[in-house]
Amino acid sequence: MALLAPYLPLPYPPHESDLAHVAEAPYSMGSTGLHWLGTDPQGRDVLSVLVFGARTAVLLTLPAAFLAALLGSLAGGAAGFWGNTRRLAVPYWLLALGGLWWGLRFPVPLVGAGVAALGVAAIVLALLRPRPIPTWPVPINAIVMGAATTLDSIPRLILVVAIAAGSGVSAPGLLALLTLTAWPHSARLVRAQMLRIRTLPFIEAAHAAGLSSCKIWLHHALPHAIQPLRTALPLSIAGLLGLESTLSFLGIGLPPDVASWGRLMSAIRNEPDAWWTLALPATCLIASILSLNALGRSRHKSL
Amino acid sequence: MVWPLLRRLFRTVLAVWALASSVFLLSRHDANTATLLFLPDSSESVATGNGNAADYAAAQRAVQHRLGLDLPLFYASQQPNAPANTAQWRWNGTQNQYHRWMVRLLHGDLGTSFRTAQPVTTRMCSALGFTLPLTGTAALLAVLTALALARRLAAKPWWQHPVRAALVAVHALPLFVLALLLLLTFANPAVVAWFPAYGLDQLAADSDNWSRTQTYLLHLVLPVAALTLAALPELTLQLDAALTQELRTDYATTARAKGLAEGAVIRHHALRNALLPTLTQVAELLPAMVAGAVVVEVVFALPGMGRLLADAAAGRDYPVLVGGVLLTGAARLLALLLADLLYFWADPRIRWQS
């Protein structure tokens, strides 16, 4: 229904005000048709706002939850599988650092180019004449967990409010922000599971069979490690739904012309008698959150 | 005991510093908006054509200078239109906004608000005077109620199923819906108007000391109830699950075999063990209450910390926002300390090791 919203035969578009009929109760006649569920204090049709609000909510929270799950499982999976032990040969380090220096146009970019060229030369030499080359460790675990702890040290709402005000908000910006604040949870889950799976015999067998460790990680370990996300994903969507409606209730999230449930509910503070502007979107919101929670719990039982 | 705690505190300080810095740096990208908001009348006069555009630009520069926004943002900055093949980075030295902010922060000065030109510290202190009683009472009430409720739930009385279902349902409600429902039920002349909905700002008008206290308490009832109800389900369900697990262990069976009543088994044997996993959650309560205060204070129109933050976010008052982030970080630090103290009290193994 959320996807079909623009094609539904609704009598009123969601951001058009019917100023002659402000804050009318359900089943009142408007200027061009029936307001099935009434209008809000700005004269917008509640039914249309509900439908388009569902569209906003779904189009914002679903991608955010999936992106966060993807990012979290990749980061958490890498952190759990390799820990801090992954090592990278020094020439590659040189190549990366030099490229970065050159790419960011730091003073004397030729230094960066030179370092990168040195790295390439070392790689070519190593390919021509195989011999052990020194390696430096890449602390994947420390980086991922440090980032997760940093993002977790402040409640999500405060962080989102602070950044959303600063960087100016559009729908993609809010999506990125929600993803950024939601990934640490799934990363922790996947990392914990990966720490257990890493020690199982089939991983050892894959190592013994001579597969490269990247391949084992992607094809053998990761599909098992992301199992907890099957439970966590509906819960994460529910949490994001609540967060999104809270933001638009506070008037911080999306621009005012985007229809959303939270904004509709905030109308009741100006018009305490208009119960339908609170009851209907609240019912939608609570029903979706409850059903998502139930979905998560049933999956938890089936695991 | 001391070293791990110190290490964790240090890590949290680092994390809060990183977050506050990134919010600071991100926000200064559109500092121009802040100055525009500072000069609304001038922008109107330019738009209508009465004012002189040069005058307006000068006024804008003056405001930027006063707010310290004319300095470069960071130690190094990228020059936007430098010719190719030359260095695009310029070193700004210590004369930059970030350095000034850090130095002032270390002296305990959070800067001045863009909107009201008051020091942020003053505004936050007066706001905290409203918020601390609110969140403190709510946290205390939530913990005590959760303890009492979980203890009775674990004894499996006949009312356990409806109460559990209600807890799960309340848990699903976003806090602002909960607060709105409370507001529209108990402060609505159409239903029951037991409590006042708005107007704590005008408290000073009341002359009598006693009646002022009374009004204050009446105003606080609904917000405290909303915050408590929001925090209660998670705590209770967690503690309940832990208690149920502990009651299945061997030592609980032994206690029952000694002839102890179920209530005594729960109170003297299982409760302290079940508390351990819940203590972390109690510590989480303190920062969560700050976030909850944002919603509750907006709904009930209380002049507290949360409303200050929400207004600052809506009005792009960045110094106040950064101050709010720092304050929440401080709440997290306190919560960490509190959690470790609670563990110290609840778990004798930790006490004896150190």
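**Exercise 1. Find how many residues of chain B are in contact with chain A, and how many of chain A answer them.**

Solution. In this predicted model, 41 residues of chain B are in contact with 37 residues of chain A. The next step is to ask which elements build the side of chain B that touches chain A: H1, helix H8 (175–186), helix H11 (262–299), helix H12 (305–315) and helix H13 (318–346) of chain B each supply at least two residues. Among these contributors, H1(B) gives the most, with nine residues.

**Exercise 2. Work out which domains chain B is assigned, and which elements of domain 1 touch domain 2.**

Solution. Begin with the bounds: the domain assignment of chain B gives domain 1 as residues 11–106 and domain 2 as residues 120–352. The contact between these two domains takes 11 residues from domain 1 of chain B and 11 residues from domain 2 of chain B. On the domain 1 side, the elements that give two or more residues are helix H1 (2–27) and helix H2 (31–38) of chain B, and the largest share, eight residues, comes from H1(B). Sorting that side of domain 1 by class gives eight nonpolar residues, three polar residues and no charged ones.

**Exercise 3. Decide whether H1(A) and H11(A) are roughly parallel or roughly antiparallel to each other.**

Solution. First take the geometry: helix H1 (residues 46–82) of chain A and helix H11 (residues 276–302) of chain A pack at an angle of about 30 degrees, with their axes 11 Å apart. Angles under 35 degrees count as roughly parallel, and H1(A) and H11(A) are therefore roughly parallel to each other. Their crossing is right-handed. On H1(A) the contact is made by A:Val46, A:Leu50, A:Gly53 and A:Ala54, while H11(A) brings A:Trp276, A:Thr277, A:Leu280, A:Pro281 and A:Cys284. By class, the residues of this contact divide into seven nonpolar, two polar and no charged.

**Exercise 4. Describe how H10(B) packs with H11(B), and name the residues that make the contact.**

Solution. Helix H10 (residues 250–257) of chain B and H11(B) pack at an angle of about 145 degrees, and their axes lie 10 Å apart. The crossing of H10(B) and H11(B) is right-handed. The residues that make the contact are B:Tyr251, B:Ala252, B:Ala255 and B:Arg256 of H10(B), together with B:Val265, B:His269 and B:Ala270 of H11(B). They divide into five nonpolar, one polar and one charged.

**Exercise 5. State where UniProt places the feature "transmembrane region" in chain B, and examine the helix content of residues 127–150 and 285–306.**

Solution. An unreviewed UniProt entry places this feature at residues 127–150, 162–195, 285–306 and 318–345 of chain B. Residues 127–150 of chain B are 100% helix and 0% strand, and the end C-alpha atoms of this span lie 34 Å apart. Over residues 285–306 of chain B, by contrast, the chain is 77% helix and 0% strand, with the end C-alpha atoms 15 Å apart.

Methods: Residues numbered from 1 in each chain as written. Chains lettered and ligands numbered in written order. Predicted model: local features only at pLDDT ≥ 70, side-chain atom pairs only at ≥ 80, totals over all residues. Domains from an automatic or database assignment. Contact = placed C-beta atoms within 7 Å. Helix = DSSP H or I, 4+ residues; strand = E, 2+ residues; numbered from the N terminus. Nonpolar A, V, L, I, M, F, W, Y, C, P; charged D, E, K, R; others polar. UniProt positions renumbered as here; feature names shortened; annotations may be inferred. Axes fitted to C-alpha atoms, helices over the stretch in contact; angles between N-to-C directions. Parallel < 35°, antiparallel > 145°, perpendicular 65-115°, else oblique. Left-handed = near helix turned anticlockwise from the far one by under 90°.
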